[in-house]
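This briefing is meant for a reader who is meeting the structure for the first time. Please keep the sequence and the 3D view at hand while reading, and look up each residue as it is named.

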Amino acid sequence: MDQEQTQTNTPNLESVKDQQLEEFRVDHKGTKLTTNQGVRVTNTDDSLKAGERGPTLMEDFHFREKMTHFDHERIPERVVHARGFGAHGYFQVYEPMTEYTKAKFLQDPSVKTPVFVRFSTVVGSRGSADTVRDVRGFATKFYTEDGNYDLVANNIPIFFIQDAIKFPDVVHALKPEPHNEIPQASAAHDTFWDFVVSNTETAHMVMWLLSDRAIPRSFRMMEGFGVNTFRFVNEQGKARFVKFHWKPLLGVHSLTWDEAQKLAGKDPDFHRRDLWEAINKGEYPQFELGVQLLEEEEEFNFDFDILDPTKFWPEEVVPVKKIGKMTLNRNQDNFFAETEQAAFHPGHVVPGIDFSNDPLLQGRLFSYTDTQLLRLGGPNFHEIPINRPIAPVHNNQRDGFHRMTIDRGAVSYSPNSLRNNAPEPATDQEHGYTHYAEKVEGQKIRKRSESFHDHYSQATLFWNSLSSAEKQHIIKAFHFEVGSVKDKQIKQRVVEMFNNVDGELAVQIAQGVGVNPPKNPGGTGNTQVSPAVSQENTIRSARTRKVAILVANGFHFNDATQVMTALAGQGVHTDIISMNLGMITSAEGEQLEATKSYATSGAIMYDALYIPGGKSCVEKLMRHKEAKDFVSEAFIHAKAIGATNEAVDLLLSPDIQGISTAGTDSQGQVTSDLGIVTIRNTTDLKAFSQEFIQAIAQHRHWLRQNQDGKMSG
Ligand code: HDD
């Protein structure tokens with residue numbers, strides 16, 4: 001083989017006789033400002049002018065270059081999933097998956113496969129808010145020895161449509177309306193709901209979109225689903241259908257709609273900040289990779305088509321086998337270079353992972369490369385550092401915009417004799433990708449399979465599986481979303497359409513959006529449930545949660561520090577919050593620093609609230625409207641609230657809505673009622689702290705809603 005025919009990004013000095021450019025590189029030591037041509041610059045604050053007050057000269061190459069680069073800094077944003085945030089990490093399989101797949105990264109539990117994950121919203125543009133109601137993207141690039149594998153997933157297990165040809169339609173309907181670009185990052189408008197009522201296959205996905213799933217508490221607390229049906233293929237060529245899942249170790253938790261809306265104003269970066277800070281603190285988010293596997297012979301055993309992307313496989317029917325774990329342990333160095341330039345593609349598969357005939361997946365296989373060609377400016381986007389495989393790349397592709405590789409030699413075709421046919425195709429044994437030899441026959445036809453025609457049964461199943469709080473949230477979401485639609489006919493059609501899912505749901509929607517209740521009795525008669533889809537049944541943990549501690553001068557230092565120490569012991573974070581930033585002096589004379597004020601924070605940014613005792617502190621808080629609003633809001637959002645000693649009186653203040661249950665007479669005994677945890681007349685807060693941590697781990701105490709009907713949910 002011709003030794004000079006190597007493909008590397010930097011010339012290989014060993015393999016060449018003549019000196020290469022690399023050898024001439026100089027190191028000036030230090031970091032002096034230069035132009036892109038390496039010329040050092042003496043002044044970057046003044047342009048070159050003819051006289052101090054004269055016109056700028058065209059020959060100012062530094063000005064021209066600086067400005068031109070700036071003018072070209074933006075690339076087109078992704079048509080969907082424009083707003084995203086990435087992190088690095090690694091994946092390890094629990095045990096060899098040899099029986100099911102030959103994918104190399106799923107064989108050896110000691111191997112750490114590097115990954116890059118990009119979380120995203122779908123509809124909003126790059127500058128929109130993190131907490132909007134939307135599907136979240138959860139795309140993972142595995143840099144495996146056999147090449148890159150991308151699992152391009154969402155946090156909802158199904159999709160809006162069954163055939164990819166309708167993707168431009170659903171996205172056009174969902175995006176801001178084109179005549180006025182309103183509304184941003186929201187489905188609450190006429191064109192989306194017009195699309196929904198005109199395409200009943202959307203019913204199931206809309207139920208999930210209006211559920212708590214679409215307003216996650218954190219990227220760290222959402223599931224991921226590959227949605228489409230793929231195949232696992234083993235060494236022997238045996239294939240099984242597979243669906244992929246990510247299961248967060250912290251459980252699946254959500255914001256309330258009221259919080260989500262307020263956060264969009266107060267901290268539009270809420271989710272990205274949460275991820276960034278967790279990784280910086282060493283609280284590495286972890287997700288288990290799960291697979292649902294079906295034998296080829298089981299393909300027709302279900303009352304839905306396993307190739308229909310608007311259906312999930314209930315976990316109770318097809319169990320999720322957890323096969324490995326991903327840990328995100330490194331923040332990106334540069335948002336643009338990594339998060340923005342990352343190019344994912346469900347067609348980036350490795351030997352052992354193959355496709356099914358799911359018509360949505362088949363269409364996706366075209367769309368992703370096509371979009372990168374435009375967005376990343378040409379066919380060489382795989383050479384951008386974040387997209388480069390760790391596996392070597394050898395082929396005869398050449399040239400194009402932004403080519404980084406310096407290919408050497410004359411031969412760039414295959415087969416060839418001048419380079420001994422290098423690079424030559426690999427065999428199966430050498431991990432060459434062999435497509436699963438599925439037998440395919442049929443007539444060319446533009447038609448939906450009859451087996452895709454049931455649009456409602458699983459939407460009913462989803463509805464049946466939810467707790468009453470989750471159902472209430474969906475009804476309220478309909479009231480907001482459909483209530484924002486102007487066309488009365490569309491609203492009426494929404495009621496009639498969702499009457500097919502559940503009659504009571506339709507009646508409740510109608511009530512809130514000012515149209516008639518459905519004409520006919522509703523529902524599909526499906527009584528199946530899948531407890532796994534309800535967030536009520538998720539993992540609960542106080543770990544990594546954030547607690548606001550409200551103080552004013554005169555607080556009990558002993559109360560505050562005991563509780564803070566107990567919380568820290570369980571991995572719970574605290575912020576001291578007061579009217580003003582700075583040192584706050586306790587009754588004992590010791591000080592704590594308020595790192596947040598009412599102006600720079602809010603109850604919506606925390607998972608729970610604690611108020612230490614101290615007579616004069618509590619008297620001050622009673623006079624602070626902001627403090628009382630803080631408590632009221634934490635209560636309304638069903639969060640854990642702890643108060644010790646005199647602070648119990650603050651909870652009972654008439655200005656604080658709803659709290660009638662705080663332990664008024666508990667002398668030295670902990671009282672815990674629907675997430676309100678209190679104790680009086682004690683200096684020992686061990687039992688209190690334990691109970692409070694339990695209450696934080698619950699995430700929400702929805703039953704308060706039933707008590708006084710005041711909850712906004
Ligand atoms: Fe898609 C991006 C997930 C259907 C076409 N998609 C994109 C991203 C995720 C998904 C997570 C963001 C990747 C990133 O962070 O860069 N998409 C899905 C899932 C789907 C799905 C789980 C349902 C199974 N998508 C889907 C269809 C089509 C597309 C049916 C078109 C036929 N998706 C795209 C795209 C995007 C994209 C236009 C925009 C930016 C990009 O690809 O890189 O090509």
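Is S484 buried, partly exposed or exposed? The model shown here is a predicted one, and in it S484 is partly exposed, with a relative accessible area of 29%.

**Domains and the iron site**

- The domain assignment of the protein chain gives three entries, namely domain 1, made up of 84-225 + 246-288 + 326-387, domain 2, covering 467-536, and domain 3, covering 542-706.
- Between domain 2 and domain 3, the C-alpha centres are 38 Å apart.
- The iron atom of the ligand has Y368 as its only protein donor, through the OH atom at 1.9 Å, and Y368 itself belongs to helix α8, which spans residues 359-375.

**Helices α2 and α3**

- Helix α2 (residues 167-174) and helix α3 (residues 190-198) have axes that come within 7 Å of each other and cross at roughly 140 degrees, and because of this crossing angle α2 counts as oblique to α3.
- On the α2 side the contact is made by D169, V170, A173 and L174, while on the α3 side T191, F192 and F195 take part.
- Sorted by class, the residues in the contact of α2 with α3 are 5 nonpolar, 1 polar and 1 charged.
- Within α3, the buried residues are D190, F192, W193, F195, V196 and V197, and the elements that cover the buried residues of α3 include α2, α4 (203-209), α10 (468-483) and α11 (488-499).

- A188 sits in the loop between α2 and α3, and because its relative accessibility is 10%, below the 20% limit, A188 counts as buried.
- Leaving out residues up to four places away in sequence, A188 touches P183, W193, F480, E481 and S484.
- Although S484 and D190 are 294 residues apart along the chain, their C-alpha atoms are separated by 7.9 Å.
- A188 and T200, in turn, are 12 residues apart in sequence and 18 Å apart in space, taken from C-alpha to C-alpha.

**Backbone features**

- The peptide bond that leads from I182 to P183 is cis, with omega near -5 degrees, and P183 lies in the loop between α2 and α3.
- Another cis peptide bond runs from A422 to P423, with omega near -10 degrees, and P423 is found in the loop between β12 (406-407) and α9 (457-465).
- D399, a residue other than glycine, has a positive phi near 65 degrees; D399 is placed in the loop between α8 and β12 and counts as exposed, at 54% relative accessibility.
- N645, also a residue other than glycine, has a positive phi near 55 degrees; N645 lies in the loop between β19 (640-644) and α16 (647-651) and is buried, with a relative accessible area of 8%.

- V135 is found in the loop between β3 (113-121) and β4 (136-144), where, at 3% relative accessibility, V135 counts as buried.
- Not counting residues up to four places away in sequence, V135 touches a set of residues that is made up of S120, T121, V122, N154, N155, I156, F160, M205 and L209.
- From V135 to A599 the separation is 464 residues in sequence and 31 Å in space, C-alpha to C-alpha.
- E73 has its place in the loop between α1 (61-71) and β2 (84-93), and E73 is partly exposed, with a relative accessible area of 34%.
- E73 and V170, a residue of α2 that takes part in the contact with α3, are 97 residues apart in sequence and 30 Å apart in space, C-alpha to C-alpha.

Definitions and conventions:
Residues are numbered from 1 along each chain as its sequence is written. This is a predicted model: local features need pLDDT of at least 70, side-chain atom pairs count only at pLDDT 80 or more; totals for chains, interfaces and linings use all residues. Side-chain values use heavy atoms; hydrogens and water are left out. Donors are N, O and S atoms within 2.8 Å of the metal (3.2 Å for Na, K and Ca); water is not among the atoms, so sites may look incomplete. Helices (H or I, at least four residues) and strands (E, at least two) are DSSP runs, numbered from the N terminus. Axes are lines fitted to C-alpha atoms, for helices over the stretch in contact, and angles run from 0 to 180 degrees between N-to-C directions. Angles under 35 degrees count as roughly parallel, over 145 as roughly antiparallel, 65 to 115 as roughly perpendicular and the rest as oblique. Contact means heavy atoms within 4.5 Å. Ala, Val, Leu, Ile, Met, Phe, Trp, Tyr, Cys and Pro count as nonpolar, Asp, Glu, Lys and Arg as charged, and the others, Gly among them, as polar. Domain bounds come from an automatic or database domain assignment. Buried means under 20% relative accessible area, exposed over 50%, partly exposed in between (1.4 Å probe, protein chains only).
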